[in-house]
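Open the model in your viewer and keep the selection panel handy.

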Amino acid sequence: MEEILSTLINGLSLGGIYAMIALGYTMVYGIAKMLNFAHGDIIMVGGYLIYVFMATKNPLIAILLAVVGCVILGVTIEKIAYKPLRGASPLAVLITAIGVSYMLQSLAQIIFGSATQMVTVYEFGAVKLMGATVQISSLVTLGVTVAVMLALTLFVKFTRLGRAMIAVSEDRDAAQLMGINVNGIITITFAIGSALAALAGLFYLLKAPAVSGTMGAMPGIKAFTAAVIGGIGSIPGAMLGGILLGMVECISYKITAIAPYTDAIEFSILILILLVRPTGFLGKKRREKV
Amino acid sequence: MRIGKFKLNHYINYIVIGILTLVLSVMTFTGSRFDNSLLFLLEKMAISIILAVSLSLVVGFLGELSLGHAGFMCVGAYLGGKVAVLLAPALGNGILTLLISLLAGAAVAALCGVIIGIPALRLRGDYLAIVTLAFGEIVKSLFMNSSDESFGGTLGLDTPRFDKKYLFIIAFVLVLITLAVVQNYIRSKHGRAVTAIRDNEIAARATGINVTKYKLLTFILSAAFAGIAGVLYSFSNYTVQSIKFGYNYSIEILVMVVLGGMGNINGSIVAAALITWLNTWLPTKLTGDLAVLQNLLYALILIVIVIYNNAPALKSFRDRYNLGNLINKVLKPKADPSHIKDDKAKWDVVPTKISMDEILSIDMKQQSGPDPEQKGGKR
């Protein structure tokens, strides 16, 4: 019983991390209509920035600087690599994004070496909950993710900027005609996505205190899976997909017979969902026009 | 260049690779002994060329991104290697074993191509890229967790040792076969259908092209040749480890295709040879942490070339300075305009509606003769 409970809570917390990354994916995909492959690697940059700024010995300052650093990086990438390709074929944008992802990974390995670095941000400790030992950091992760999701939903629904985002995602040309600064909106979206990625990097460090150049690649792909499961472009969908995927992963790790195949199981779920319901659980269907 | 009906451009790659193969095989059979590392490099180049040409089929001509090409290769390498292991005691390490395992690897990879091709019918672009990536990871994970007796698990599968002396010749013959199949596919009715689907799927469907058939066919062909490359790899390397066929390897193949120019087979061949050579040469220069510089180089190649080739803002610059124009300028310096007759130059331009009217009116005037008053001045 205790084991089941702790597995569930671990699943929820891992799902929270995936949801956090998936939120960034979903916002960028919804508004810029591109799969930002480098999103996962911004998590890694966030992790390294926290590692560097932990020299100040103050976790809050380190986290703040890491978020700011990631936002600057995300916006720079958008301006240099993605903006020149606006209006070009989606294939070109996708390949550039893969190039950026690859570049960030190799730059990190050049700067920090290929060995894994250890960094402890903050020790939250653990509590006993109905007989099961639960890391407080897991609860913090989950709480912050839910709060961020709610805040984003409200932001998109009720602020001028948020509604401008919806307008751009619905029809970029029409939005431009209505006087919305489309480029500005896309930049802001990238900034928000990168900030979320930095927070996801923080949660990874709370879960396992190690940073390496490729730490973001796998979570990035899995979070995209989560975003697709929930329905890309939908904020609650990203949350749902993230939690679902985190649960599947933690439960699968607990069952010895299928534990080595966990990644394969998650990706098979992705393929199945895309085949059966390509728009995910909460996504909207779009008709393609000539 | 044309010599009668024979278009040199269409066959230049067969001729170059064919002559190279012929020279090297004659040297081998007359007793020249090549350095083992050179043989290994040649085999690797052949494998890369097959991979790049087959990926180019999907990326350059169908216009879909496949990030699981290494996955198809992995399937081919393991299955082909396993068949060779099973057959070697009965048939020996000869060419027969190699041929059968090549066929087996290609067939199983083609089957995987069908499996991936079916989602490809419903999905486009980013989603398809992720599905192919997922496929690659699933394949890698399945082989990595296989039992020791079946596919060797994490240690990998050891394959029979084929005579190194002749393997590269077979590899290059396979390159020629790949080129023959892929180029004929592209230059036929099928190829035009595939490029029509790339340019506008809905319009292609509307003109009666069977999109399902051509998409599946392209995926199957591409996967089958990746499988062949995999079998070659297993023979060239003596051992197959699933860890080699990860995402990074798929990206490396993609770099070859992008560097060569998407949809340009000759370019892919040159780029594949170049990147393979860089892969063996750079690690001797860059050691330790600098080894990552190689990945950085590939990343920059991807970003810079794609932005240069696709950015809408750079279009006029591209048109002015593209490689073909520059080569033409060097080959035919100072085209003297006085030699070009007006009449000839006009046929190069496809007449638009307005210019067609002008041409017609000029013809009418000439026909109506020098005296306009005879017909009342107006046509």
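Select Ile253(B) first: this residue is buried because 26 other C-beta atoms lie within 10 Å (buried means 20 or more such atoms within 10 Å, exposed 12 or fewer, partly exposed in between, with C-beta atoms placed from the backbone). This is a predicted model, in which local features need pLDDT of at least 70 and side-chain atom pairs count only at pLDDT 80 or more, while totals for chains, interfaces and linings use all residues. Residues are numbered from 1 along each chain as its sequence is written, with chains lettered from A and ligands numbered from 1 in the order in which they are written.

Ile253(B) sits in helix α10 of chain B; helices are DSSP runs of H or I with at least four residues, numbered from the N terminus. Beyond four places in sequence, the contacts of Ile253(B) are Leu51(B), Ala52(B), Leu55(B), His69(B) and Ala70(B) (contact: C-beta atoms, placed from the backbone, within 7 Å).

Finally, show both chains: 39 residues of chain B are in contact with 39 residues of chain A. Which element gives the most to the side of chain B that touches chain A? Colour α5(B), which supplies twelve residues.

Terms used: Two residues are in contact if their C-beta atoms, placed from the backbone, lie within 7 Å. Helices (H or I, at least four residues) and strands (E, at least two) are DSSP runs, numbered from the N terminus.
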